[in-house]
Structure formats: C-alpha cells, structure tokens
Amino acid sequence: MKRVLFVVYQSPAGSIWVNEALRSAFGMYGEDLEPSILLMEDAVVAVNKNTHPENLGCLSLSMSFKYLERYGTPIYVVKEDLEKRKIKEEDVEPTWKAKIISQNEVSEFIHSFDRVIIF
C-alpha cells in the first residue's frame, strides 16, 4: 500500500485547504492508498478547540471527526508552529488525536512517504 502525505500550511480561516486535505484523504481509502495529514505553519490553527471551520462553509468538524475515527487517518502537527500561534498542547482538540512532531523531524518525516501533496 502506498503512503500519501497531505501537507497543509495555510490557516483554515479564509482558506479551504485544511478542508480539502481532509476530503482528499478520506477519498484515498477506496484507492488502496494510506493517507496522512501534516498541519504546519498557520494550518495548525485547525486543531485548536475554539476553531469552527463549519462557520466558514467548510466540512464540519463533527463530520471530519467521524471520518477520522472511522478510517484512523493520522494527523500530525508541528510543535513549534503551535507554540508560535500560542496554541498549547492542552488546547488541541482531543478528537483530532494529533501527533505532535518537532520542526527538525519534518524533513525526514516528509521523505518517509511515497507521495507528498502540498496544499
């Protein structure tokens, strides 16, 4: 099974990229592909408990969480980007089940995938 990583770096506020990465990842399961999502830079805002993308016309979090749980899609978040945006680890919505990685791990992490799609 090929591993595909979706990297999102733009904020969910005013952009559709977090939403599109989720939709794209959920669509991969029917194609014998194993998707993961890496949120970095401004996109880490999406994991904050107080972010509500559904208010922006994006896929609702409750629907996203349902699919994340069903498929077990791994979500990764860059620790330094959380800190830069003043999001504490305890402020990360637990339903994301986000794995926090360090900035100095990102390069090796990205290179461990067969394909990388950047939003």
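By relative accessible area, a residue is called buried under 20%, exposed over 50%, and partly exposed in between, with a 1.4 Å probe and protein chains only. This is a predicted model, in which local features need pLDDT of at least 70 and side-chain atom pairs count only at pLDDT 80 or more, while totals for chains, interfaces and linings use all residues. Residues are numbered from 1 along each chain as its sequence is written, and side-chain values use heavy atoms, with hydrogens and water left out.

Let me begin with Asp-32. Its relative accessible area is 51%, so Asp-32 is exposed. Asp-32 sits in the loop between α1 and β2; helices (H or I, at least four residues) and strands (E, at least two) are DSSP runs, numbered from the N terminus. Its phi is near 60°, a positive value in a residue other than glycine.

Lys-86 also has a phi near 60°. This residue belongs to the loop between α3 (79–84) and β4 (99–101), and is exposed, at 73%.

Asn-48, in the loop between β2 (33–39) and α2 (61–71), counts as buried because its relative accessibility is 18%. Beyond neighbours within four places in sequence, Asn-48 contacts Ile-87 and Asp-91, contact meaning heavy atoms within 4.5 Å.

Finally, the interior. A nonpolar core is a set of buried Ala, Val, Leu, Ile, Met, Phe, Trp, Tyr and Cys residues joined through side-chain atoms within 4.5 Å. The largest has 24 residues, with Phe-6, Leu-39 and Trp-96 making the most contacts inside it. Of its residues, α1 supplies the largest share, six.
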